[in-house]
Amino acid sequence: MDQSKFENLAKEFMEDLKKVSSLDDLESLRVKYLGKKGILAGLFGEFAQISPEIKKDFGRKLNQLKNNIESKLSELHSEFFAGTEIGVSQFEKTLPGKKPQIGHLHPIITQAIREIVEIFKPLGFTQVRHPEVDWDYFAFESLNMPKTHPARDEWETFFVKAPENKEYGKLVVSPHTSSGQVREMLKNQLPIRMLNISRCGRRQIDVNHIPFFFQFEGLAIDKNLSIANLRGVLDYFAQKFFGPGRKTRLRPFHFRFTEPSFEVDVSCGLCQGAGCRFCKEGWVEIGGAGMVHPNVLKAGKVDPKIYNGFAFGWGVERTYMMKAGLKIDDMRYLGENNLKFLSQF
Ligand code: PHE
């Protein structure tokens with residue numbers, strides 16, 4: 001084969017290349033030169049039969065031509081996708097389309113809260129909402145914590161800059177959903193089975209606390225209620241929400257607004273009770289509970305000689321984190337609204 005054959009072929013290819021105006025053209029060109037039955041395949045066929053003296057030179061030129069064709073085709077191919085080729089449509093119908101981003105329900109504010117509401121429904125607890133910013137009276141005083149009582153320190157409270165109310169005192173960011181207890185009683189509709197779910201605020205932040213979080217508060221007021229009823233409700237909830245394998249325990253505690261009072265723990269779902277970075281000892285404190293104090297009933301204009309009741313208040317974030325299989329070991333993620341995090345749930 002004479003020398004000029006490769007040069008002519010290279011020229012011919014460059015002419016063909018100029019005529020390409022679509023990806024279909026580009027593909028036909030590729031098939032013409034590089035396809036199984038293409039020009040280069042033919043030349044490689046010849047290569048097997050030529051005399052040894054010229055084989056080396058022939059092979060080198062053939063490979064050069066092949067590399068050259070391949071790189072020109074791939075350059076043009078990327079130009080099509082970059083849309084830089086003049087006169088070439090930028091629309092490429094074979095590329096996958098761009099999916100619009102679809103949002104989903106927030107894991108705490110919607111998903112967890114809806115699930116909690118559904119679990120309590122069959123027991124007759126109905127969801128209510130009381131103010132997220134409330135008077136000192138409802139947050140503390142009516143709950144048997146008179147002004148300056150040291151127990152208030154436990155609710156590291158945000159105070160709102162606002163004029164004081166003569167009757168109800170200062171305005172605070174509600175530090176717990178218990179602020180809704182007396183408000184509910186004052187509606188004067190007995191018996192009560194309230195589920196108050198609301199945002200609360202406290203000056204605390206670490207792996208286990210965020211300054212703005214949700215709580216759900218159950219309050220039942222009726223005749224002849226007992227700790228057994230309270231336990232039954234808490235266990236029922238824990239089994240429904242976390243699954244049959246999870247345990248709860250009550251530890252004696254002190255709240256001014258319940259007597260007796262308990263802290264409620266659930267066995268940790270991250271480590272199955274073995275102890276981990278999040279729970280330390282296998283149990284996670286999830287909230288408080290107890291039998292409603294007579295002074296609180298009185299503040300709600302409910303006669304403690306006829307009625308009694310129980311109450312419990314749990315954190316929604318903490319409860320959610322304890323769900324099996326979630327493995328969220330820092331509550332702060334749940335308060336940050338980082339979409340990369342939230343979209344996983
Ligand atoms: N309000 C308490 C808290 O935030 C929890 C609680 C609710 C305790 C109801 C007893 C009864 O810690």
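A pocket is an open set of grid points, computed over the protein atoms alone, with protein on both sides within 12 Å along at least five of seven lines. A molecule sits in such a pocket if more than half of its atoms lie within 2 Å of its grid points. In this predicted model, the ligand sits in the largest pocket.

Of the elements, strand 9 gives the most, with three residues.

The ligand is surrounded by 15 residues, of which the closest are His176, Ser178, Arg202, Gln215 and Gly313. By class, the shell divides into six nonpolar, seven polar and two charged residues.

| Residue | Ligand atom | Distance |
|---|---|---|
| His176 | nitrogen | 2.9 Å |
| Arg202 | oxygen | 2.7 Å |
| Gln215 | oxygen | 3.0 Å |

The protein buries 94% of the 330 Å² that the ligand exposes when taken alone. The size of an interface is often given as the accessible area lost when the parts come together.

As for the overall division of the protein, domain 1 covers residues 3-89 and domain 2 covers residues 107-342. The C-alpha centres of domain 1 and domain 2 are 74 Å apart.

Definitions and conventions
Residues are numbered from 1 along each chain as its sequence is written. This is a predicted model: local features need pLDDT of at least 70, side-chain atom pairs count only at pLDDT 80 or more; totals for chains, interfaces and linings use all residues. Side-chain values use heavy atoms; hydrogens and water are left out. A residue is near a molecule or strand if one of its heavy atoms lies within 4 Å of it. A polar contact is a pair of N or O atoms within 3.5 Å; within protein, one must be able to donate a hydrogen and the other to accept it, and residues adjacent in sequence count only if both atoms are side-chain atoms. Accessible areas come from the Shrake-Rupley method with a 1.4 Å probe; for residues, only the protein chains shown count as cover. On a 1 Å grid over the protein atoms alone, a cavity is a set of points where a 1.4 Å probe fits but cannot get out, and a pocket is an open set with protein on both sides within 12 Å along at least five of seven lines; lining residues have an atom within 4 Å of a point. Helices (H or I, at least four residues) and strands (E, at least two) are DSSP runs, numbered from the N terminus. Ala, Val, Leu, Ile, Met, Phe, Trp, Tyr, Cys and Pro count as nonpolar, Asp, Glu, Lys and Arg as charged, and the others, Gly among them, as polar. Domain bounds come from an automatic or database domain assignment.
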